[in-house]
Amino acid sequence: MLRIFTIAIAVLAVVIAVLSVAIVSARVVRTARARRQSALAAAPRKQLLAFVADNGEEGADDLVAIGEDAWRAAEPAAVALLGKVRGEAHRALVDVFTRRGVGLRARRALRDRSPVRRARAAQTLGDLELREAVGDLCDLLADRHAEVRIVAVRALGRIGEPGAAWRLLASLDRSDPTPALLVTDALVQLGPDVEVTLSAALDHPQARVRAVCLDALGLLGATGTAGRVARVLRDDPELDVRIAAAATLGKLGTPAGIAPLAEALRPGRPAALRAAAAKALGELGAKSAVADLEAQLGDPAYRVAHEAAHALRRLGPAGRAALERRVAAADPAEGGHAREALAMLAIGTADPAPVLAGVGP
Amino acid sequence: MIEEWTRDLLRITDVAIFVYFVLLNSSYLVLIVLAGQEFFRHLRRTTFAGADDMFRSPLTLPVSVIVPAYNEGPGIIAAVQAMTALRYPRYEIVVVDDGSTDETFALLQQQFDLVEVPKVVPAEVPTRGRVLSVHVARANPETLVVVRKENGGKADALNVGLNVARHPLVCMVDADSVLDPDALLSVAKPFGDDPLRVAACGGVIRIANGCTVVGGRVVDVRMPRSWLLRVQVVEYLRAFLMGRTGWSRLGGLVVISGAFGVFRRDLLVRIGGLDHDTIGEDAELVVRLHHYLRERGEDYRVVFVAEPVSWSEAPSTMRVLGRQRRRWHRGIAEILSKHRRMILNPRYGRIGMVALPYYVLFELLAPFVELGALVLLPLGLWIDAINVDFAIRFALVAYGYGLLVSLTALFIEEVSFHRYPRAADLARGLVAAVIENFGYRQILAAYQVYGAWGAWRGKQAVWGAMQREGFSSPPPAVVGPPPASEPVPAADVTPSRD
C-alpha cells in the first residue's frame, strides 16, 4: 500500500507541477497572441472604418491587398461591420469580401465534414447576403446537425430570396424539425413575395407548417389573406393552429376578422382559443366587438376574462364605458379584471411598451 | 487492551476512506474534463450563435424575470436598474417583495414612480403569503411590476411571481445578482433553438465580491481581497461552473440555481411551482421537473450555459458561509429523501440511475466521510492500526488529488473564459486552490453534516440571512468587505445553491 501511495504522490506532484506551468503558460501565450493580433488588426481596422464611412467609394483595392495574416486578425471587425452598415457601404464591403474570395471559400466549406465549419460558412454567406448561395443553403436545411440547419435558416432569412420559402417550410416537416420561430422569422424577412406560398401552405397536412405560415402572414401584414385565415380559424382540426389564426387576424387588422373572432370567443370553445380571440379583437381595434368582449368579463377562465378586459381598454371610449359598466354592476369580487384594465388605462398604457427603457439595438 | 480485530477494522476503514476520496476526486475530474470539452464546443460556435439575430427578432420568446426580494434595500435599486438594461427584445421584471421590514419597497416606489393597480392575480400555482398590493412603474407599466406580499419565504415569493408572470419563459434571479448584459439572451437561446424539448436552462453564477460594479454591470473582474472569498471563487469554478456543465453534457443536470435560471412557465405551472417546504427549493424544482417529465415519457432537455454569467455576492465570513452550506446540505438531504423513489430506478433514466445516486454517494455523504477521515486517521495512529508513514501519504494523496482537480478547473477557466485578467489574480487563484485543503473544507464539512443531521431529524428549517453590502452605481465601487454585524434571521434570498 505504501508503495502505491509513494507512486501516486510522485505522479500527482508531477501532474500538479505541469498543470501549474500550463496555467501560467496559457496566460503568457494568450496575452502575447492577443497583443500580436491587436497590432496586426489595427491598420486594417482603420482602413475598414474609413472605407465604410466613405460609403465604399475609395479604398477597396487597399482592403483587397491586405496581407492574409492581417486580414484574418481584422476579419471579426469586418464581419461585425457587415451587420451594421446598409446600402452602398454594405454592397461595397461585400464586394471586398467577394474579391478576397471569402464567399467562394464559404460555399466550398458548406460541404466540409465538420458541422462547425459548415455552420460558419453558412453564417458567412448570410452575412454577405450572397444570393448565388441560396440553393446550397437550402440543401443545408436537410443537414443532419440541427445547429447547421439553424444557421442556414437564419442565413436564408438575411439573404431574403423568396424562392427559399418552400424549402424553409419543408424543413418544418421532418421528425427533427427546424425551430418554428426561426423559420417564421426567416420567412418574414423574405418579404411580401412569399404571401402566395404561405397562403397555399395553409393546406399543408403538418400543423406546425400551417401555424408558422399563419404567424408569418400576420407579421407580413398580408391583409389579402384575411378571408383564408378566417376559414382556418373556423375549420382547422388543430387547436394550436386555430389559436395562431386568431392571433394573425388580430395582427392583420382587417374588418373581415371581426366576425370569425367574435365567433371563436363564444363560450363552449377552448379557453386558450377564446383568450386568443379576445386579445386579437383588441389588437384589431374592433369597436363592434365591445358587447362580445364585455360579455366575457366575468368568465371563470382567468385568461379569457383578462384578455377581454385588456382588449376593451384598447377600444377607446366604447371599451372604457363597457369596463366602467362592469365595475359598477359587479360585486367587488367579480369586477376585478375590469378594474385592473381601467387602472392601466388611467396610467396611459393602451398598448404594451414593446421594449424596456434603456434597451436598444 | 485493544483487540487486533479493532485494528484490522480501522485499517480497512482507512483504506475504504482513501478509495472513496480517489473515486470522489476522479468523478470531479471527469466532470471537469467534460466541462472543458463543452466550453471548447461553445467557444467554437460563438461566431454563428446568432445572439444578434435573436435580439433583433420580434419572435424571440418574451421572458418574465422574477426577482424575490426580502430586505434587499442596499442593492435593490441597482439590481432592478441593471435588469432594465439587459439586452433582450421583450421582457418584464416582476419584483416580489416578500414582506420586507426594511425600505426595499419604499426605495422601489420612489425610484420607479410605482402606481398601485388592482391586478387580478391568478392562482395557477399555490401560494401562502397573501398578496397585499401590485404596483407598476408609471413610465413602463408593462415591464416593471412590483408585488407586495406577506412574508412566506423565497419559494412562496417565486410562486407569486409565477402567477403574476405574463410571458412563456420565466427567469428566476436573486435580487443581489448582477447579470452580464447578454445573460438573458444566452439562457433563453436554447428555448428558441430547441423549442420542443428544452424545459429549463441554468446559467452560471460567479462571485461578485472584489469586482467593480458600475451602473449595475460588472466592469472590472478581480479576485476578492479575503482568502475566504478567493477560496470560494475556486470552489465555484470547480463545483458550479465546471461540475454543472459536466452534468449538463451527461444529460444529468439536477440543479439549476435559483439565482439564475430560466424555465418554461407552463411546465412550472403543471408541476405546481416551487415547494414551500424544502429548503433547497431551486434544486427540488428541477428534480421534480425531471420526475414529472420522465414519468410521462416526454422527450425533454435540461441544459446549462456557461457564459455569460450572473454575478452574486458570496458570504464573506465563515459564520455566514457555514450557515449557507448547512442550508444547502440540508436541501440536498431533503430533496434526495423526497425523491428517493427515483434513485436507482431505471424509469428515470440517467437522472435516476446516475445523477441522483451520485448525489447520494458523493454530495450527501462526502462531508461525513471527510470528517470520518479526520477522526479515524488519528485514531488509527493512536491504536497502531496504521503508522505515521501511511497517514502522511494518505493525506498527501487525498488532498493532492483534490488540488489537482482544482488546478484542472483553473486551467480550463484560463484557456476558455479567462475572466480574471490580472496576473496577480491568477496567482491568487493558484494559492487559493492549495489553501482550500487546510481548514476550509474541514470546517464546511462540519456545517454540512449539521445540515444533513437537521434534515434527518426533521427539525424546522431556519434561514439565515446574509447582510448585503449592495452594488454601487457610479462612482465605481468595490463590492464587499466582510459584514460588520450579525445578520437578522429571516427568510432571505441567498441563493440556495449558489
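A: Happy to! Helices (H or I, at least four residues) and strands (E, at least two) are DSSP runs, numbered from the N terminus. By that count, chain B has 14 helices and 13 strands. Its radius of gyration, taken over C-alpha atoms, is 23 Å, close to the 23 Å that the globule rule (2.2 Å times the number of residues to the power 0.38) gives for 498 residues, so chain B is as compact as a globular protein of that length. This is a predicted model, in which local features need pLDDT of at least 70 and side-chain atom pairs count only at pLDDT 80 or more, while totals for chains, interfaces and linings use all residues. Residues are numbered from 1 along each chain as its sequence is written, with chains lettered from A and ligands numbered from 1 in the order in which they are written.

Now to the side you asked about. Taking contact as C-beta atoms, placed from the backbone, within 7 Å, 53 residues of chain B are in contact with 51 residues of chain A. Helix 2 (51-56), strand 3, helix 6 (183-193), helix 13 (388-415) and helix 14 (423-457) of chain B each supply at least two residues to this side. Helix 13 of chain B gives the most, with 16 residues. By type, the residues on this side of chain B are 28 nonpolar (Ala, Val, Leu, Ile, Met, Phe, Trp, Tyr, Cys and Pro), ten polar (the others, Gly among them) and 15 charged (Asp, Glu, Lys and Arg).

Notes. Two residues are in contact if their C-beta atoms, placed from the backbone, lie within 7 Å.
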